[in-house]
Each structure stands twice: as C-alpha cells, then as structure tokens.
Amino acid sequence: MKFLASILVLLSISGCALFQKPVPVVPKFPDPVPELMKKCNDLKTIEGDKVAITELLKTVVQNYTLYYECSNKVEGWQDWYNQQKRVFDNIKP
Amino acid sequence: MWIFTVITEYVVHAIFAVGVIGIIIGFVLGFIPIIGKYKLPIQIISLLVFTLGVYLEGGLADNKEWELKVKEVEAKVAKAEAEAARLNTELQASLTTKNTVIKEKGETIIKYVDRFKDREVLKTIEGPERVRVEEVIKYVESCPVPKELLDIHNNAAKLSKQEGQKK
C-alpha cells in the first residue's frame, strides 16, 4: 500500500510538469515604412555631344541629391531596425 | 490541456473531493464494521481517485496560470504593435521631411547654376565682380565639355550596373 501511495504521489507531482507548454502568441513581423521600400533611383547620365559645363554641373548636383536621398533611406532602415528591435525585446515574457 | 475541453472545473474539484472523502473513509473510519469489510478496495480506489484529483487540480492551476501568461503576452504584443506602428509613422514623417529638404537644397543649387546659363546672375552683380562673372559666363557658353569627359562621368554613374544588366 505504501509503495502504491508513493508511486501515485510521484505521478501526481510529475503531472504539473507535463502540463507545461509554450505561450502560443507570436508577434506579427512589423511592417516597414513604405518610403524605405522604394528602391534608390539610378544616377543620371548626360546625353549629347556638345554639353555646357552648367549641364554637367546640374547633373552632378542631381546625382548628389539622389545619393543623399538613398543615404537617407539606408539611415532610415538602420533607425527602423533599432526601434523595432527595442520594441520586440520588450515583448519577451 | 485537452481534458479541460471535455470536463469542467467543477468535475475536477468533485474528483478531488471524492478522493479525499474516500481516503478519510478508507484510512480513518475503518473501525466502522460495514466500512471495515471493504476497507482495502476503498483505500485502493480512493487513492487512485485522489491521485487523479491531485493531478487534475495541478493541471487546472497550471492551465489557469498559463492562460494568464497568454493574456499578459497578448497585451504586451498588442502594445508593442501599437508602439511599432507609432514609431513607423514618426520615421515616415522624418524621412519625408529629410527628403523634402534634400530636394529643395538641390533645386536651389540647380537654380543658381541656371542663373549663369541664362545670364540672370549679372542682374545682381556690379563692379569688378561683374567682369569676373562675365568671364565665367563666356567660358560656359563657348567651352562645351568634351565627349570623353562626359563618357567618364556616365560610366561612373553606371558603376553599379554590370554589362547587360537591368536594375
């Protein structure tokens, strides 16, 4: 009888451990900022044979503008990642 | 735990209670003649029922704790999703502002370059500076950039594209 009681006590104690299960809540992967999903534009080239230096200069300035816009996107992705990681890390139970 | 979808909380408590009562009857009230006759079967059955009751009670408590944890995590996730959306909106606004400033600055420089092209720049300059700017304009008008230099620029602009590759 004592043996049976011991077995049953052990079984009932182990019962709780058998119930352990993971929390079935999965956070949704965060949406990126739409602006960041746009691809960087191609740099501009100059067409024609006789091109004034001002035209060349304008194209260079336009390309600098494109570079800064693209650089802005890269920095945006870095900010987005850091912010979303901080938010995600706070969810952990 | 699947069993809690079949039996209610009250059934679990009832099984536990039956087990406890059975143990009391089997182990304590054995001196009563009618019970004493079935003492061993009552003891065995009540121990089994009690064990099942303890097991289910433990499971029930654990299940409740788990449900609380689920609710807690769900609340955290909802809060995080709202926070993520708010940060995205802020980032979108920040990016739009930065891009607008970049475009405006670029356009301002281009307009300044155009002032040399259409001689507008001369309207605001007087004296020896005007002579110098006139020389610049003369250079701009009479000296086109050689094709070779334009090709170098264009090749550099297409640096990230390989032969025959479309972006």
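This is a predicted model: local features need pLDDT of at least 70, side-chain atom pairs count only at pLDDT 80 or more; totals for chains, interfaces and linings use all residues.
Q: Where do Phe29(A) and Trp80(A) sit in the chain?
A: Phe29(A) is in the loop between helix 1 (2-19) and helix 2 of chain A, and Trp80(A) is in helix 3 (residues 53-91) of chain A. The two are 51 residues apart, and their pair links distant parts of the chain.

Q: And Phe29(A), does that count as buried or exposed?
A: Phe29(A) counts as exposed, because its relative accessibility is 64% and the cut-off for exposed is over 50%.

Q: What about Trp80(A), buried or exposed?
A: Trp80(A) counts as buried, because its relative accessibility is 8% and buried means under 20%.

Q: Moving on to the tyrosines: why is the pair of Tyr67(A) and Tyr68(A) edge-to-face?
A: The ring planes of Tyr67(A) and Tyr68(A) stand at 65°, so the pair is edge-to-face; the cut-off for that class is over 60 degrees. Their ring centres are 4.9 Å apart.

Q: Which surface patch do Tyr67(A) and Tyr68(A) belong to?
A: Together with Tyr64(A), they form a nonpolar patch on the surface, with about 390 Å² of accessible area together. Tyr64(A) itself lies in helix 3 of chain A.

Q: What is the relative accessibility of each tyrosine there?
A: Tyr64(A) has a relative accessible area of 53% and is exposed. Tyr67(A) is partly exposed at 48%, and Tyr68(A) is partly exposed at 47%.

Q: Changing topic, where is Glu35(A) found?
A: Glu35(A) belongs to helix 2 of chain A, which covers residues 34-37.

Q: Is it the buried or the exposed sort of residue, and why?
A: Glu35(A) counts as buried because its relative accessibility is 14%, and the limit for buried is under 20%.

Q: What is Glu35(A) in contact with?
A: Leaving aside neighbours within four places in sequence, Glu35(A) is in contact with Lys73(A) from chain A, and with Gln92(B), Leu95(B) and Asn99(B) from chain B.

Q: Which of these makes a polar contact with the Glu35(A) side chain?
A: The side chain of Asn99(B) does, in a polar contact of 3.1 Å with the side chain of Glu35(A).

Conventions
Residues are numbered from 1 along each chain as its sequence is written. Chains are lettered from A and ligands numbered from 1 in the order in which they are written. Side-chain values use heavy atoms; hydrogens and water are left out. Helices (H or I, at least four residues) and strands (E, at least two) are DSSP runs, numbered from the N terminus. Buried means under 20% relative accessible area, exposed over 50%, partly exposed in between (1.4 Å probe, protein chains only). A polar contact is a pair of N or O atoms within 3.5 Å; within protein, one must be able to donate a hydrogen and the other to accept it, and residues adjacent in sequence count only if both atoms are side-chain atoms. Contact means heavy atoms within 4.5 Å. Rings of Phe, Tyr and Trp (its six-membered ring) pair if their centres lie within 6.5 Å; planes under 30 degrees apart count as stacked, over 60 as edge-to-face and the rest as tilted. Patches are made of residues with over 30% relative accessible area and no salt bridge: like charges are joined within 9 Å, nonpolar side chains (Val, Leu, Ile, Met, Phe, Trp, Tyr) within 5 Å. Accessible areas come from the Shrake-Rupley method with a 1.4 Å probe; for residues, only the protein chains shown count as cover. A salt bridge is a side-chain nitrogen of Lys or Arg within 4 Å of a carboxyl oxygen of Asp or Glu.
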